[in-house]
Amino acid sequence: MLKQRVITALLLLLLLLPALFYRDPAPFNFLALLFVAAATWEWARLNAWAMPASTLAAALMAVICALLWWSGWLAQPLPLIWLFAGAAWVLLGGWILRAGVPAWGQLNRSFRMLVGLLALVVTWLAVAQARLIGTNFLLSIFALVWAADIGAYFAGRTWGSRLIKRKLAASISPGKSWEGVFGGMAVVLLLAWGWTRFDLWAQPAVPSFYNHLAGRGTVFAVIACLFLAAMSVVGDLIESLVKRSAGAKDSSKLLPGHGGVLDRVDAMLPTLPLAMMLYTF
């Protein structure tokens, strides 16, 4: 299993890193389109759609993203989309987690599919626009999600349920703790501070997302980073809820040793659109 994880991770890095740092954003945005299409297929399968219908959904997602790209949406400001996506993730995400696993399975299957399609297409728009802004900008948002996840893992392993006995979401993901959430938030704040210092020293052509937040004041930047770290946890928990409802351990086996695409990007689904919302407004 470890060997599979390492090989898959190296192959993904060899594929994604050259595209991420290439001067033209098109190769990276195309790869992101393929990943979103694959995630759509996984979402359909997790929500009890048959293989032909799931494959059709993935193809439809690819066509939708390609049409948005061709029609110039990536170069247009999309404040209302980011605002709608942000409100939906906060309100609907909170409701889904509060309702729990049984309630998800009782929702209309077409509605569940539509929710996933909207979340994924908005995420692709956010990734593509962030890459158009600049590699440093996009990478700093990616790093926020990774920092929250790494901080949560180590804080959870070290202090999980020792300081706060009540689990974060016992019926959805028993391994997650409040200590992990707070640890992830602390690492995100440390990352944001370090990245803004790096921007001041290196003077990159495109400032990071944190530099943009800092321009609105320290208090705003701290609140925004804590909010995004919390929402990355929401994305992770919702995917866990959907998998538990489907009786699945992983979203698929597309990435040997890592599960599926959704398993790798679940925390980014709310974080990227919300980051674009904060950037736009």
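Biologist: Let's start with Cys 65: buried or exposed?

Modeller: First, the ground rules: this is a predicted model, where local features need pLDDT of at least 70, side-chain atom pairs count only at pLDDT 80 or more, and totals for chains, interfaces and linings use all residues. Residues are numbered from 1 along each chain as its sequence is written, and side-chain values use heavy atoms, with hydrogens and water left out. Buried means under 20% relative accessible area, exposed means over 50%, and partly exposed is in between (1.4 Å probe, protein chains only). Cys 65 has 0% relative accessibility, so it counts as buried.

Biologist: And what about Cys 225, buried or exposed?

Modeller: Its relative accessibility is 2%. That value makes Cys 225 buried.

Biologist: How many disulfides does the structure hold?

Modeller: A disulfide is a covalent bond between the sulfur atoms of two cysteines. The test used here is a pair of cysteine sulfur atoms within 2.5 Å. By that test, the number of disulfides in the structure is zero.

Biologist: Which way do H10 and H12 run relative to each other?

Modeller: Helices here are DSSP runs (H or I, at least four residues; strands are E, at least two), numbered from the N terminus. Axes are lines fitted to C-alpha atoms, for helices over the stretch in contact, and angles run from 0 to 180 degrees between N-to-C directions. H10 (residues 218-246) packs on H12 (residues 268-280) at about 155°, with the axes 8 Å apart. Under 35 degrees is roughly parallel, over 145 roughly antiparallel, 65 to 115 roughly perpendicular and the rest oblique, so this pair is roughly antiparallel.

Biologist: What residue classes make up the contact of H10 with H12?

Modeller: Contact means heavy atoms within 4.5 Å; the residues involved include Phe 220, Phe 227 and Met 231 of H10 and Pro 270, Leu 274 and Leu 278 of H12. For the classes, Ala, Val, Leu, Ile, Met, Phe, Trp, Tyr, Cys and Pro are nonpolar, Asp, Glu, Lys and Arg are charged, and the others, Gly among them, are polar. Sorted that way, the contact of H10 with H12 has nine nonpolar, three polar and no charged residues.

Biologist: How is H6 oriented to H7?

Modeller: H6 (residues 109-133) and H7 (residues 135-159) pack at about 135°, and their axes are 5 Å apart. That angle makes H6 oblique to H7.

Biologist: Which residues of H7 does H6 meet?

Modeller: From the H6 side come Val 127, Ala 130, Arg 131 and Ile 133. By class, the contact has five nonpolar, one polar and one charged residues. The H7 partners are Thr 135, Phe 137 and Leu 138.

Biologist: Which residues does Ala 85 touch?

Modeller: Ala 85 sits in helix H4 (residues 79-99) and is buried, at 8% relative accessibility. Leaving out residues up to four places away in sequence, Ala 85 touches Val 122 and Pro 273.

Biologist: Where is Ala 48 found?

Modeller: Ala 48 has a positive phi of about 70° although it is not a glycine. At 53% relative accessibility, it counts as exposed. Its place is the loop between helix H2 (26-46) and helix H3 (51-70).

Biologist: And what is phi near for Gln 203?

Modeller: Gln 203 is in the loop between helix H8 (178-202) and helix H9 (209-214), and at 59% relative accessibility it is exposed. Its phi is positive in a residue other than glycine, near 50°.
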